[in-house]
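Hi everyone, thanks for coming. I'd like to walk you through a protein model this morning, so please have a look at the screen.

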Amino acid sequence: MKILVIGGNGTIGKKVVSYLKEKHEIIVAGRTQGDVIVDIANSISIQSMFDKIGELDAVVCIAGEAKWDTFDSLTEEDYYIGLKSKLMGQVNLVRIGKNYVKNRGSITLSTGILADDPVIKTTSAAMVNGAIHSFVRAVDLEIENEIRVNVVSLGMVADAYEKYKDYFPGHNPVSMNKAINAYVRSIEGKGRGEIIRIYK
């Protein structure tokens, strides 16, 4: 399969790309580096990326940002970071990307445990994660050409444990193998409209 991985140079993305490229053709997209450059917060950038790449079997997004801060400190503009990047960025990847994905192809989005089990300073991130879960279930009812849209929702992954452990007291890190397999399940499986939760 010809697979586009957006965020393929990140902590999770690198491991997913390393696994997938053993039997698939992988194109890595990123904001500052990759085979193609894209800013998912900008729909024109997304359109340009797909125009350059052309037809695909699968699209995987392991990218998107949201502001982490206390609720009292978050401004309206802070919320728009997550709304434009992680939420509408991924919505636009489906909205635009469906025209480039082959019949019966797949689009895989990414969220995280905050949608179901938020911690402090994650009001904005939890909000957009939950919205993506609802979007995936709803878009599955209408998307044409039998394209499968799923979302992978991971807990804190092992490779990010040292960086984020203070935010997630008592959480068991998710092994990188389990994280990889969640994406493989979405890409190579037959499920559609699924929230693939891997929290431990």
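**A walk through the model**

Let's begin with A58, which has its place in strand β4, residues 56-61. Strands here are DSSP runs of E with at least two residues, helices are runs of H or I with at least four residues, and both are numbered from the N terminus. Before I go on, a word on the source: this is a predicted model, where local features need pLDDT of at least 70, side-chain atom pairs count only at pLDDT 80 or more, and totals for chains, interfaces and linings use all residues. Residues are numbered from 1 along each chain as its sequence is written, and side-chain values use heavy atoms, with hydrogens and water left out.

Is A58 buried or exposed? A58 is buried, because its relative accessible area is 0%. Buried means under 20% relative accessible area, exposed means over 50%, and partly exposed is in between, with a 1.4 Å probe and protein chains only. Setting aside residues up to four places away in sequence, A58 touches K2, I3, L4, S106 and I187; contact means heavy atoms within 4.5 Å. A58 and F71 are 13 residues apart in sequence, and their C-alpha atoms are 37 Å apart in space.

Now to Y183, in helix α6, residues 176-188. Y183 has a relative accessible area of 1%, so it is buried. Beyond its neighbours within four places in sequence, the contacts of Y183 include I12, V16, V60 and I62. S153 is 30 residues from Y183 along the chain, and their C-alpha atoms are separated by 9.8 Å.

How do the helices α1 and α6 meet? Two packed helices are described by the angle between their axes and the distance between the axes. For α1 and α6, the axes come within 10 Å and cross at roughly 60°. Axes are lines fitted to C-alpha atoms, for helices over the stretch in contact, and angles run from 0 to 180 degrees between N-to-C directions. The contact is made by T11, I12, K15, V16, Y19 and L20 of α1 with M176, I180, Y183, V184 and I187 of α6. By class, that contact has 9 nonpolar, 1 polar and 1 charged residues. Ala, Val, Leu, Ile, Met, Phe, Trp, Tyr, Cys and Pro count as nonpolar, Asp, Glu, Lys and Arg as charged, and the others, Gly among them, as polar.

Next, two residues with a backbone angle to look at. R104, in strand β5 (residues 101-110), has a positive phi of about 65° although it is not a glycine. R104 counts as exposed because its relative accessibility is 58%. K121 also is not a glycine, and its phi is positive, near 70°. You'll find K121 in the loop between β5 and α4, and K121 is partly exposed, with a relative accessible area of 33%.

A41 lies between β3 (36-37) and α2 (43-53). At 39% relative accessibility, A41 counts as partly exposed. Not counting residues up to four places away in sequence, A41 touches K84 and S85. From A41 to G64 is 23 residues in sequence, and 8.0 Å in space, C-alpha to C-alpha.
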